[in-house]
Amino acid sequence: MKVGLILPLFSGDADKVLTFARRAEDLGYDGVFAFDHFFPPGASPERPSLEAFATLSAVGAVTSRMIVGTLVTRAQLRPPGLLAKTVANLDQLTSGRMVVGIGTGDPIDEPEHRAFGIESMDKPERRAHLDETVRAIKSLMRGEPWPGGDMVPALEGPLVPPPVVPGGPPVWIGGQADAVVRLAGTVADGWNGWGLDPAEFRRKAVLLEDAASGREVEPTWAGITLVGKDEEEAASLLEARRTRGMPDTGIWVGGADEFGAFLGEMESAGAGWAILVPAGPPDRVELISGAVLAGRRGA
């Protein structure tokens, strides 16, 4: 199983993000991924966030091995033709290291749409639009025109230069609803399940495989992790988080040994990737690499 990290785009600090990416590559992580938000969800528009695709261009330039990707871009934010062109260029700039995570977005994203004048869709529209967006961008990346549908108009292309990867980078659909998992199995190359426990992840991975009908579609996991050197430190970090009024629901909490076991459970449940938001002190990236990843890789 590959292990990646979410870039700290909500810092608003480009130097911090690029330093983080270089450090992740040096420590042996397999990839870094960007949220696609104009400001943090649920926060004031005054809070900073770097733009995902521009940042990934810079990250690709300062790394040489790791996958770079979105987790996830919202299909509503960019016209599918523009998205396909952007993705193809990033695949060129990173020598084929791009992954496109894409999703519908959630109601909590609505303030971003209002702040930047981007039209919003209701849930049925969002899902239909996501379906057509994925089909359309994959058509263009294969070098074929998109004939048009109910939500996405005809797109002639071509993408020139084309992606480095034949057919374009892998496209993962992110979402927890069974209907979205089935959609990923039907049209995408992968699926990402945010914050799921191993049992529920396994159930959805089976659903994904059934929907894929023999196609290879990769299940991937992502979530917030609060990893302590041991259980005692993890409990102390969790209490400090609660004292600051930060939410603690949907977060994995435990010591490094337990986290290694958790990754093993997720791998057994079918996850090809675990992509982490490492909460707690800044040295958690080193802790996870040294105490967890090295052991898993036999170092």
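1. Contact means heavy atoms within 4.5 Å. Among contacts in the chain between residues at least 6 apart in sequence, 74% join residues that are at least 24 apart.

2. This is a predicted model, in which local features need pLDDT of at least 70 and side-chain atom pairs count only at pLDDT 80 or more, while totals for chains, interfaces and linings use all residues. Residues are numbered from 1 along each chain as its sequence is written, and side-chain values use heavy atoms, with hydrogens and water left out.

3. Overall form. The chain has ten helices and nine strands; helices (H or I, at least four residues) and strands (E, at least two) are DSSP runs, numbered from the N terminus. The radius of gyration is 19 Å, close to the 19 Å that the globule rule gives for 299 residues, so the chain is as compact as a globular protein of that length. This radius is taken over C-alpha atoms, and the globule rule is 2.2 Å times the number of residues to the power 0.38. Along the principal axes, the C-alpha atoms fill a box of roughly 60 × 45 × 35 Å.

4. Surface and charge. The accessible surface of the chain comes to about 13100 Å², and 54% of it belongs to carbon and sulfur atoms. Accessible areas come from the Shrake-Rupley method with a 1.4 Å probe; for residues, only the protein chains shown count as cover. There are 29 positive and 41 negative side chains, and the centres of the two sets lie 1 Å apart. Lys and Arg count as positive and Asp and Glu as negative, whereas His and the chain ends are not counted. The place of a charge is taken as NZ of Lys, CZ of Arg, CG of Asp or CD of Glu.

5. The interior. Of the 299 residues in the chain, 48% are buried. Buried means under 20% relative accessible area, exposed over 50%, and partly exposed in between (1.4 Å probe, protein chains only). A nonpolar core is a set of buried Ala, Val, Leu, Ile, Met, Phe, Trp, Tyr and Cys residues joined through side-chain atoms within 4.5 Å. The largest such core has 71 residues, and those that touch the most other members are Leu-7, Tyr-29, Ile-173, Phe-201, Trp-221 and Phe-259. Helix 5 (residues 123-141) gives the most to this core, with six residues. Another core, of eight residues, lies apart from it and includes Leu-71, Trp-172, Ala-222 and Ile-275.

6. Which residues does Phe-201 contact, leaving aside its neighbours within four places in sequence? Among them are Trp-191, Leu-196, Pro-219, Trp-221 and Met-266. Thr-55, found in helix 2 (residues 52-62), is buried, with a relative accessible area of 10%. Not counting residues up to four places away in sequence, Thr-55 touches Leu-9, Val-17 and Leu-50.

7. Cis peptide bonds. The bond from Leu-71 to Val-72 is cis, with omega near -10 degrees, and Val-72 has its place in strand 3 (residues 67-74). A cis peptide bond also joins Gly-157 and Pro-158, where omega is about 0 degrees. Pro-158 is placed in the loop between helix 5 and strand 5 (171-174).

8. Positive phi values. Although Ser-95 is not a glycine, it has a positive phi of about 55 degrees. Ser-95 is in the loop between helix 3 (80-93) and strand 4 (98-103), and it is exposed, with a relative accessible area of 60%. Ser-213, likewise not a glycine, has a positive phi of about 50 degrees. The loop between helix 7 (198-212) and strand 7 (218-228) holds Ser-213, which is exposed at 64% relative accessible area.

9. Leaving aside neighbours within four places in sequence, Lys-85 is in contact with Leu-159, Val-160 and Pro-161. Gly-105 lies in the loop between strand 4 and helix 4 (110-116) and is buried, with a relative accessible area of 13%. Beyond neighbours within four places in sequence, Gly-105 is in contact with Arg-74 and Arg-126. From Gly-105 to Gly-245 the distance is 25 Å, C-alpha to C-alpha, and the two are 140 residues apart in sequence.
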